[in-house]
Amino acid sequence: MANGIERPLDLLNVSKGKEVLIQLKNEKQFVGTLMAFDIHINIVLDNTKEMKDGEVKKNLGLTFLRGDTIIFISPAGTNLD
Amino acid sequence: MANGIERPLDLLNVSKGKEVLIQLKNEKQFVGTLMAFDIHINIVLDNTKEMKDGEVKKNLGLTFLRGDTIIFISPAGTNLD
Amino acid sequence: MANGIERPLDLLNVSKGKEVLIQLKNEKQFVGTLMAFDIHINIVLDNTKEMKDGEVKKNLGLTFLRGDTIIFISPAGTNLD
Amino acid sequence: MANGIERPLDLLNVSKGKEVLIQLKNEKQFVGTLMAFDIHINIVLDNTKEMKDGEVKKNLGLTFLRGDTIIFISPAGTNLD
Amino acid sequence: MANGIERPLDLLNVSKGKEVLIQLKNEKQFVGTLMAFDIHINIVLDNTKEMKDGEVKKNLGLTFLRGDTIIFISPAGTNLD
Amino acid sequence: MANGIERPLDLLNVSKGKEVLIQLKNEKQFVGTLMAFDIHINIVLDNTKEMKDGEVKKNLGLTFLRGDTIIFISPAGTNLD
Amino acid sequence: MANGIERPLDLLNVSKGKEVLIQLKNEKQFVGTLMAFDIHINIVLDNTKEMKDGEVKKNLGLTFLRGDTIIFISPAGTNLD
């Protein structure tokens with residue numbers, strides 16, 4: 001997979017259709033299936049769950065997340081080793 | 001519907017005329033019918049209700065929401081399964 | 001009126017000359033007659049009243065509001081039903 | 001005067017040479033004679049007074065105010081009626 | 001001097017080589033000789049003194065100030081009357 | 001190595017494939033292998049560890065970090081002397 | 001040296017290879033040798049020391065500092081007199 005990641009957006013591209021964890025600036029986290037993204041890092045997740053302290057707070061289904069609220073995006077189970 | 005969402009704004013496009021939940025950075029939420037949006041994620045809702053902790057705080061009718069105050073937008077009842 | 005709102009700025013356009021409620025990020029609200037706006041959502045109101053908790057705090061007459069301080073703009077009495 | 005205000009900056013243009021009240025994001029207010037402005041809403045005031053709670057805190061003479069700190073600008077005595 | 005100030009940056013231009021007071025968003029003030037500025041309002045001061053509550057806190061010599069931290073810039077002794 | 005660093009992004013370029021420490025604005029730190037970056041300082045790390053007060057709080061694997069949340073990036077063991 | 005500083009970035013240019021003090025918005029200070037900068041005021045320091053209240057908190061070696069977190073940059077010992 002290391003070969004496929006030349007630029008940061010490549011990681012989002014290879015994560016389409018997979019579950020990702022998204023950390024927002026307001027301390028909240030979202031877990032869901034990555035459906036779409038753009039250069040502003042606007043994101044669409046499906047089966048979105050709003051998390052806090054490891055617990056599901058809300059089920060949101062399809063959700064549009066505005067890019068400027070995002071700190072990090074981490075696909076589940078993607079260590080390179 | 002998965003076919004219709006190539007880019008994040010596609011979710012807003014297919015949600016026109018439907019009820020959406022919008023979470024703002026200042027902790028407030030708005031529920032209303034999505035009438036229009038632009039690339040800045042400026043939004044016009046109709047039958048807008050300002051919510052807090054699940055309760056309606058104010059009825060606002062047609063409302064223009066400035067995009068840079070928005071965290072997420074989630075159409076009601078849109079899980080992909 | 002639904003026909004007239006294809007893009008978010010259309011709502012501001014049809015609200016010219018009418019009373020609007022503007023919510024700012026600093027918790028304050030302004031009520032006044034919408035005289036002008038631009039793509040940055042900079043606004044000119046006339047007969048501007050600064051409100052807090054439903055009470056008039058100050059009469060400001062003509063006022064220029066900088067767009068980046070605005071959360072929402074809602075024309076008075078504009079439900080679509 | 002309503003005729004003269006098609007765009008928000010028109011209000012600043014007709015207010016040149018007149019006294020204006022400027023509210024900043026940090027709760028402070030400035031009163032002075034509007035000398036110049038640009039599209040970023042950068043402002044030069046003359047005879048500038050920094051106000052707090054209606055009292056003069058400091059006399060500043062000519063002052064350059066950076067646009068992104070401004071909430072509103074209101075010329076003195078400009079109701080349209 | 002009123003003749004020389006058509007645009008906000010004109011005030012900075014006529015203040016080159018003179019002492020100015022600069023108020024930052026983080027409550028601190030800088031006093032120094034204005035050496036240079038650009039359109040982002042990035043500033044170079046010489047003989048810079050960091051002030052708090054009217055007292056010198058630190059002598060900084062030549063200092064580059066990033067424009068987006070600045071609230072206002074006021075040249076010393078520049079009332080127009 | 002001093003020869004190789006003409007512009008700030010050159011440091012990120014020579015750090016590809018190496019371990020870096022990234023400090024975020026929200027007080028958190030990330031340690032991981034630098035895989036990719038762009039001009040917005042968006043970053044992809046591998047074997048990412050979220051740190052607080054020198055302790056590992058979470059193992060994140062591959063992670064996309066949005067550039068506007070970053071304060072500094074420091075490659076491990078890179079003093080020039 | 002006054003001759004060499006027409007624009008703010010000129011001060012950074014003449015400070016290359018010298019020790020500078022950098023104040024960040026989050027109250028922290030960095031001292032190090034200025035290696036590189038760009039128009040966003042992104043900076044690379046070498047032999048970087050993170051300071052707080054005049055004490056070294058951490059030795060960081062080569063460090064990339066993102067420009068939008070910077071308040072001021074002051075080269076050591078550069079008064080013009």
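These legends go with close-up views of a predicted model.

**View 1. A salt bridge between Asp68(A) and Lys25(B).** Here the closest N and O atoms sit 3.0 Å apart. This pair crosses between chains: Asp68(A) comes from the loop between strand 4 (55-65) and strand 5 (70-75) of chain A, while Lys25(B) comes from the loop between strand 1 (19-24) and strand 2 (29-37) of chain B. Asp68(A) is partly exposed at 24% relative accessible area, and Lys25(B) is partly exposed too, at 38%.

**View 2. Arg7(B) meets Asp10(B).** Their side chains form a salt bridge, 3.5 Å from N to O. Arg7(B) is exposed, with a relative accessible area of 56%, whereas Asp10(B) is buried at 14%.

**View 3. Lys28(B) and Glu50(B) pair up.** This salt bridge spans 3.6 Å, N to O. Lys28(B) sits in the loop between strand 1 and strand 2 of chain B and Glu50(B) in strand 3 (residues 43-52), so the bridge ties together parts that are 22 residues apart in sequence. Lys28(B) counts as buried at 17% relative accessibility, and so does Glu50(B), at 6%.

View 4. Lys25(A), Arg66(F) and Asp68(F) are joined into one network by salt bridges that share partners. Over all chains, the structure holds 28 salt bridges.

How values were computed
Residues are numbered from 1 along each chain as its sequence is written. Chains are lettered from A and ligands numbered from 1 in the order in which they are written. This is a predicted model: local features need pLDDT of at least 70, side-chain atom pairs count only at pLDDT 80 or more; totals for chains, interfaces and linings use all residues. Side-chain values use heavy atoms; hydrogens and water are left out. A salt bridge is a side-chain nitrogen of Lys or Arg within 4 Å of a carboxyl oxygen of Asp or Glu. Helices (H or I, at least four residues) and strands (E, at least two) are DSSP runs, numbered from the N terminus. Buried means under 20% relative accessible area, exposed over 50%, partly exposed in between (1.4 Å probe, protein chains only).
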